[in-house]
Amino acid sequence: MKMRNTCVIYDSDENYAKRLMGAINEDNEVPYNARIFTKQEELQDYLEDEKPEVLMLNEELYEYYCESDKADKYVVLCEEEIDNKPEDNKDLENVSMVCKYQPSKELLSKLSKGKRKNHTSLSSKIIGVMGVNSSKRTVLSLSLAKEFAKKGHTLFISLEEFAGLENILPRRSSKTLSDALYAFKQNKMQYHKKIEECISTIENFDYIPSVVCAEDISYIAVEDLVTFIQLVGVSLSYDYVIVDIGNGINNPWNLYGACNRLFMPKSTDYFDKARECSMVSYMNESGMEKLLDEIREIDVDLTEECMNEKILSRIEYSRSFEGLKEVIDVD
């Protein structure tokens, strides 16, 4: 089976491979979605079943793969500057040799010609829900998941350490967000195959059951969380990923900034208002005024009859749900 618009990167230097993958995936002018492998046996297993359009690999595997039919095009990442590919081998017409240590803009220009990335990868949007009141934030997140699901393929993820969603979003299998994050950290770009085992469906949206261990959230770097969420949306063709951004995330500002839209429940009691005031002051003092301008506050009422295990079937008829349709358009 051929993977459309896929660029597979192999390099034993994991840091380099991750940087190159990030540069490709973040550049809308590059017509490919990148995946990385840092172990040859894992790459070999992948290529047994899939055929990417582009295979970027270091010189170690040059002869082994470039004369095979494992990809449509090959880019060899060389340690030193190479002006031209070998001219004495007519079988290597689909091979380009480039110096891996050059500005990413120049390296990516070799991939940016031709078709653009597929629509799905460009339209996958992260909808973040932040706030100091975890109950209101979770109710708002669930409301947004239900409403965005009417617009497109939607995934809900809670990053709360103790989400309390077991009776509302039950496990359909033994897999949870803990397993998904572990697979991502261990296998990097291969994780998307295993993450499908963690996804369940309820109502009209998908979700990943919450972590079973609080440290699975607090110990992961926010940069890795951002990459994880972005690649879930792209790799599994979600139009929207709704993220309940828990308070246990260290330095969540990069995650806020990665969201296409940010929502927050309005604070009503004394302590919520005081906490929100402290957060806003910190963000202003840290130069995050533009990020604050992106936040849309929504009224969330926790006194209604829908606040129980049947919340998903009742929430659309609550006062909290009113007005959402007017503010969620991100197209």
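User: To begin with Lys266, what is its relative accessibility, and how is this residue classed?
Analyst: The model is predicted. Lys266 has a relative accessibility of 33% and counts as partly exposed, because that class lies between the 20% limit for buried residues and the 50% limit for exposed ones.

User: With which residue does Lys266 form a salt bridge, and how far apart are the closest N and O atoms?
Analyst: The partner is Asp299, with the closest N and O atoms 3.8 Å apart. The pair counts as a salt bridge because the limit is 4 Å.

User: Where do Asp299 and Lys266 lie in the chain?
Analyst: Asp299 belongs to the loop between strand 12 (295–298) and helix 14 (311–314). Lys266 belongs to the loop between strand 11 (261–265) and helix 12 (270–285).

User: How many salt bridges does the whole structure hold?
Analyst: A search of the whole structure gives seven salt bridges. One of them joins the side chains of Asp72 and Lys51, at 3.6 Å from N to O. Here Asp72 sits in the loop between helix 3 and strand 4 (73–78), Lys51 sits in strand 3, and the two are 21 residues apart. Asp72 is partly exposed at 31% relative accessible area, and Lys51 is partly exposed at 23%.

User: Are Arg137 and Glu160 buried or exposed?
Analyst: Arg137 is buried, with a relative accessible area of 0%, and Glu160 is buried, with 12%. Arg137 forms a salt bridge with Glu160, in which the closest N and O atoms are 2.2 Å apart.

User: Which residues gather in the patch of negative charge on the surface?
Analyst: Glu41, Asp45, Glu48 and Asp49 form that patch. Residues in such a patch need over 30% relative accessible area and take part in no salt bridge. Glu48, with 49%, is partly exposed, and helix 2 (residues 40–49) contains Glu48.

User: What does Glu60 touch, not counting residues up to four places away in sequence?
Analyst: On that count Glu60 touches Tyr10 and Ser12. Glu60 is exposed, at 56% relative accessible area, and lies in the loop between strand 3 (51–58) and helix 3 (62–66). The C-alpha atoms of Glu60 and Asp11 are 8.8 Å apart, although 49 residues separate the two along the chain.

User: What is the secondary structure of the protein, and what share of its residues is buried?
Analyst: The protein has 15 helices and twelve strands. Of its 331 residues, 52% are buried. The exposed surface comes to about 16,300 Å², of which carbon and sulfur atoms supply 44%. Of the contacts between residues at least 6 apart in sequence, 70% join residues at least 24 apart.

Note on methods:
Residues are numbered from 1 along each chain as its sequence is written. This is a predicted model: local features need pLDDT of at least 70, side-chain atom pairs count only at pLDDT 80 or more; totals for chains, interfaces and linings use all residues. Side-chain values use heavy atoms; hydrogens and water are left out. Helices (H or I, at least four residues) and strands (E, at least two) are DSSP runs, numbered from the N terminus. Buried means under 20% relative accessible area, exposed over 50%, partly exposed in between (1.4 Å probe, protein chains only). Contact means heavy atoms within 4.5 Å. Accessible areas come from the Shrake-Rupley method with a 1.4 Å probe; for residues, only the protein chains shown count as cover. Patches are made of residues with over 30% relative accessible area and no salt bridge: like charges are joined within 9 Å, nonpolar side chains (Val, Leu, Ile, Met, Phe, Trp, Tyr) within 5 Å. Lys and Arg count as positive and Asp and Glu as negative; His and the chain ends are not counted. The place of a charge is taken as NZ of Lys, CZ of Arg, CG of Asp or CD of Glu.
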